[in-house]
Structures are given as C-alpha cells and as structure tokens.
Amino acid sequence: MTNNTDEQLKEILQQNVQTDTTVTLTKPHRIMVTVARESLKKTMNILATKLSAQHLSTITARDTGTIFEILYHFFIQGSIVTIRTSCPRDDPTVESIVDIFPSATLHEREMNDILGIIAIGHPDLRRLILPEDWNQGYPLRKDWKPSGGDMVG
Amino acid sequence: MIWLANVKIPIGPQHPALKEPENFTITLDGEKVVDADIRIGYTHRGIEKLIETRNYIQNLYLIERICGICSFTHTQNYVQNVETILNIQIPRRAEYIRTLFLELERLHSHLLWMGVAGHEIGFDTLFMYTWQDRELVQDILEFISGNRVNYAMNTIGGVRRDISEDQKKKILETMIYLEKRAAYYKEVAVNEKTILARCQGVGILKPEIALKLSAVGPTARASGVDVDIRRDDPHAAYADTPFQVITTDTCDVFGRFVVRVLELFESINIIRHLMNNLPTGEIKAKAPRKVPEGEAISHTEAPRGEDIHYLRSNGTDKPERYKVRTPTMANLLSISEMLKGTYLADVPIIVAGIDPCMGCMDRVLVLKEGKENQPGYLLDWEHLRRYGIQWYAEKGGRIQ
Amino acid sequence: MTGIVTWARLKSPWILHMNCGSCNGCDIEILATLIPRLDAERFGVLLKGTPRHADILVCTGPVTTQMKERLKRIYDQMPEPKFVVAVGQCGSSGGIYQGSYCVEGGIDKVIPVDAYVPGCPPRPDAIIDGLVKLLAKIKEGDKNDK
Ligand code: SF4
C-alpha cells in the first residue's frame, strides 16, 4: 500500500473528480469532498479504483431543515475521507453504493429507518433498528415529534 | 433434509441509539449453517435523538452510557469532536491520563472477552480466572475515578481527576502481576486442548472479505488486516507511545483469541510507558459552554475496533446532529460471513468471537421447515451453548 | 410442603438475568457477582438460562419498545411465586434515557417489581445486598402468611 500524505490524497482526488466537486482539507487527516447527488456513484468508483478504498466506516445522514445531507466516511491511508452529498426533502433518494462497497448495506438500511432516505438499488431495505411495527415516522427528522407530546430534555 | 432455523440471539448493547440485542435468522441444512441474517435494534434507545435535546455537558454523561464496557472510548470521541470545533488545546498530562484510561479499558475488556469465550466453549475455569484478574483492573479504575464502569473521567478540555504518586505506584504494581497472568493466558491459549479443539479453523474470515466488509479491531487483525487507529491516525498520546500492532493470519476464532492475549502485553507496556513518562502540569483547559457552528469527525481504537463519531454543532449549547457507529456494528456483516458453512454447534463461539458484549441471553428459536412457522423447538442461548459443548463431547470426546 | 418449597427457594434462589436495553454496565456487574471474589453462589444463587427454571428475574435497562413484549412474555413464563429485581438507575426509573421515544422508562412500567437496586451501575456488592434483602423480605412475607 502506498502511503500518501493528506496533501497527496487531496491532489489525487482533485485531479480525478468532476467539476461540480470541491475538495478541502479541514484539519490534518480529515478530507471533505462535496459532490452533487448525480456524480456520487462516479466519485465512489474513483475512490475504489484510484485510491483502492475499501474501508467504509459509516454513513451519516442528517436533516438540515431544508435538505438532507448524506456523508460517507471512508478511512483511507490514515485519513478520514468524507464524501458529502445532499438530496431535497421532497425527493429523499440517493443511489445505493452497495455494489461498490458491500459494507454500506447496514448503514443504508439504518438511514432509511431513521430519516427515510431511500438508497435506490439497495437489494433489501428492511427495517433495521426501529420496532417492526413502527409507524410514527422518521425520528431523526427535525420536524418529527413523538406521538406522546414533547421529549423531555 | 432441510431445516429452516430462526435463531434469536440478542447481544448486549454496544451501539447507542441503535443495535443490539440482535436477532440472527439462521438457515440450516442438516447441522450446517447455509445462511445467516441479522436483525438488530432491540436496545435502540434513541440516544442520537436524545443527544440533540441535551446540552454539551449533559451529553458527556449520556454518551458515556452508550456502552458499559467501552464507556471511555465513547466520551473520548465526543470530547475530541467538541475540542476540535472549539479549537482548544488540551494539556499533555490530560492526554496521558486519557490514554491510560483507554488502555485500562482495553485490558479489562479483553480479559472479560476471554472469560466469556471460555464460558461459551464450556471452559468455565477460564471465566473465573480472567474475571478475577479483571477485578484488579477494575480496582485501579475505581481507585482513580471512583467508579468501576462509568468513570466520568473525561470532560471537555481535559480530565476531571488527577493521578497521585500513590495511584501511580499501585498501577505499576498491578501491571507486574497482570503481566504474569497474561503470560499464563498465553500459555493456556496455545496449549489448552479445549481451546484448540473449539477455536481452530472455526469461523473463518478471509482477509479479502474482512477488508471488503470493513471489519475492524481484533476481528480484522486476526484475519491479517493490519489496521489499528492508534497507529494509523494517532489520537490522545498514542503518537509518542511505542507499541506494536498485533496481527495473525489464522483467520479463525483461535486467531482472535491470540490477538487479544498478545494485546494484553501491549496494553501493559503502554501503561508502563505512560506512567513512567507522565508529564506534569494542568489537567484541564477552560472550555466555553457554547460551541460555535462547525462539524468534526473523530475515531478511536476501542477494544473492539474502530469507533467513529460525527458531531455537527449549530452555535447553541446543544448539538445539531450526533452520529455514533460502534465497532460491533461494523463487524456484524462479518459475522454472517463467518457463520456460513459452519456447524450449529459453533454458532455461540463465532458470535462471541467478535466480542459483541455478550452480557445477556435470550431465546434462540429454531423453526422446522414445512410446519408453517410452527416452532420446531425452542432453544435459548444457554441451550445452544450446551448443545455445542455436548456435540463436541460426543464427536471427539475431547472436551469435559 | 410449602415450608419446604420456601426453604428451598430461600436457600437456593435461581435467577434469570435479562437485558431490556441496558448499556451493559449493569449486566457486567451482575456477572461480576459470580466471580470468586464475591461468589454469589455461596448464597445458593444460580444463574439460569430459561425463565421456566427461575424464581427471581433480575432486569436491567430502561425497557426499549422492542423489548417490552419480550419482557412481559418472559415474566409470564416464570412459575409462581416469582420476584423481580430491577438493577440500576435505568431499571428503576429509566435513568439517563428518560424521555426518549423508544424507551418505556423503568421495569415497573411493564411488570411489578419487588426490589430496586439503585446505582449507575450498582457495585456487585450492592446487587448481592439487594438480592439478600429480597430474600429476607420473602421470608418475612412467608411468616406473615402462616
Ligand atoms: S443504570 Fe447505568 S450502568 Fe446500568 S444500564 Fe443504566 S446506564 Fe447502564
């Protein structure tokens, strides 16, 4: 395995990604890549082929109030490379990356469970963590209120 | 003969808001496992949502209670994240004390695992031995922090309690004893027939697959994947602590056993190094209550592997989004991979092999195919464990 | 006859331990009562795997929505008379998880509880103490019945 420094990783990423992408180094060992939803798959392919990324740590999804943000955290050669993409609230879908990174399986199911973001192309999007008969919506959305009133802080 | 088995195994809560106890649906062909599917979420306590409703100080105590075994790792990640956003430098002494706690935690967690693994294969003597030694580590933890499990040591900007000369002496003394014990366990691990018979060649996880499924921690290292966050992305005081990353290439439960035993030595050495080189000075930097807008990602090497947290703040005194991914979650996919093609009798030790905090037990339900969802017979974890032990006893007569 | 049964129960209570969504801290401390240093078995306490053999149910955790039904089912499976010990802050009141959408908030919201052991987590000695106190209570109750 070649051991690139942060800067070199950043270079490689910058050379290979599309025009709608920005690469920044937020602090040592943390690289943030922002891509449009459409080029997510392409970026993932570049990670897998050019950087031989294999370790997907996790996927974080979050509700900003206006859009959904999805962050894919990879651990590549000593740095956390985060791919950030987003989708509008009225169309909460992204392409599934399970075919490139099988370890995304559980994380994409979880994302569907708690925020209702659907990974298109995921082979089986069953419930993962919420109760089987859960029907009270998506708890991690910002406008979500539990049925029994407010949560006690 | 085809059996359809539905095996329910809830495994202690490691993940906060999510996961565990888990439920494995195991499809059997005779005695062989053909497929394994996981259903988790029995201890989903909604922590990620709760975190958004509490302030940064309250969250310290909530995040500590994500897991009762690696409680310090979780707060370590949390404070690292908050400190990154606040951009404060914490004192060296505090970094050393944090590292000390991370390593003590690894010691007690690995000893605990060896006991549980021994129990699963019917080797209860090992359980009694390792848990007895684990008490010594617990004593140190209690001596320093005042609590055995949730130490409440970490705080934003440093640690809450200092280490006195007395405590240092006691820690070093205990390490001498523990090193002797670790040497004994090493002996046991490679010579004891029970362990060899039940662990060698069981629960194979090939390196390529371990990489592909993003396995972490000792599970990955036992498959020859050379990964350790402590070395690859040093946090706390690991950057100036010498240690080795242990890997084996046996790819089975035995390998996981060996990796953990050898890591005991590494932890003991790290603790010695920390205690002998403890810098003097402050243990806490001042931190404001409000955290400016920003985001941070932090990961640490928990006893079970990489533990990664993500924090998004919005300028108030409460986080906007907090995400936790615990090592067990990362290793879940690997379990189903390991289970395929093994015998039902090996299920307990394979599942225990990734160290999923087997604190609890539950029912294991085996369904017979053709009878329309009618339970063939009801098995609980305890029965499955006994079944495994007996099965081996009948087969080889080696055990018990 | 009942005298013998009570005597046997007091001398050797069989317990079933159940995790209803705890953080594992309490569970480990329960297991730690079995080690040679404290040796809960000297009170005849035996950790059992099935509810059908158990006299005392030792529960931890704030009871998550998914575990609620299971807890009830386990409780129903236990033979009479049965006793329940709630271990830890979570088991007693929901503790730190109070107010979450997925948590009931204490064992006693679901099944009747006979003894509470506070602490987060309680020390193993405290858990044993709780058990011994419960046994004393059973003995008292039995005397009053006669
Ligand atoms: S009382 Fe404390 S230690 Fe026990 S399960 Fe609850 S949070 Fe964990």
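How many bridges join strand β1 (residues 14-19) of chain C to β2(C)? Three bridges do so, and the two strands run parallel. The model is predicted: local features need pLDDT of at least 70, side-chain atom pairs count only at pLDDT 80 or more, and totals for chains, interfaces and linings use all residues. Residues are numbered from 1 along each chain as its sequence is written, chains are lettered from A and ligands numbered from 1 in the order in which they are written, and side-chain values use heavy atoms, with hydrogens and water left out.

**View 1. The open sheet of chain C has five strands in the order β2-β1-β3-β4-β5.** The pairing is parallel; two strands pair if DSSP finds at least two bridges between them. Because β2 (46-48) and β5 (115-117) of chain C each have a single partner strand, one side of each edge strand is left without a neighbour in the sheet. Neighbouring strands are turned by 30° against each other on average, direction ignored. C:Trp14 stands opposite C:Leu46 in β2(C). Helices (H or I, at least four residues) and strands (E, at least two) are DSSP runs, numbered from the N terminus.

**View 2. Helices α2 and α3 of chain C lie across strands of chain C.** Helix α2 (residues 25-32) lies across β1, β2, β3 (56-60) and β4 (83-87), running at about 140° to β3(C). Helix α3 (residues 65-77) lies across β1, β3 and β4, at about 170° to β1(C). Axes are lines fitted to C-alpha atoms, for helices over the stretch in contact (heavy atoms within 4.5 Å), and angles run from 0 to 180 degrees between N-to-C directions.

**View 3. The ligand lies between chains B and C.** Residues around the ligand (a heavy atom within 4 Å) include B:Arg65, B:Asn150, C:Cys23, C:Tyr97 and C:Pro121. Helix α4 (residues 88-93) of chain C gives the most to this shell, with three residues.

**View 4. Chain A and chain B meet through 46 residues from chain A and 39 residues from chain B.** The buried area (accessible area, 1.4 Å probe, that two parts lose on being put together, summed over both) is about 3600 Å², of which carbon and sulfur atoms give 56%. Four salt bridges (a side-chain nitrogen of Lys or Arg within 4 Å of a carboxyl oxygen of Asp or Glu) are found across this interface.

**View 5. A:Arg84 forms a salt bridge with B:Glu295.** The closest N and O atoms are 2.1 Å apart. The pair crosses from strand β5 (residues 79-88) of chain A to strand β6 (residues 294-302) of chain B. A:Arg30 forms a salt bridge with B:Asp233, with the closest N and O atoms 3.2 Å apart.
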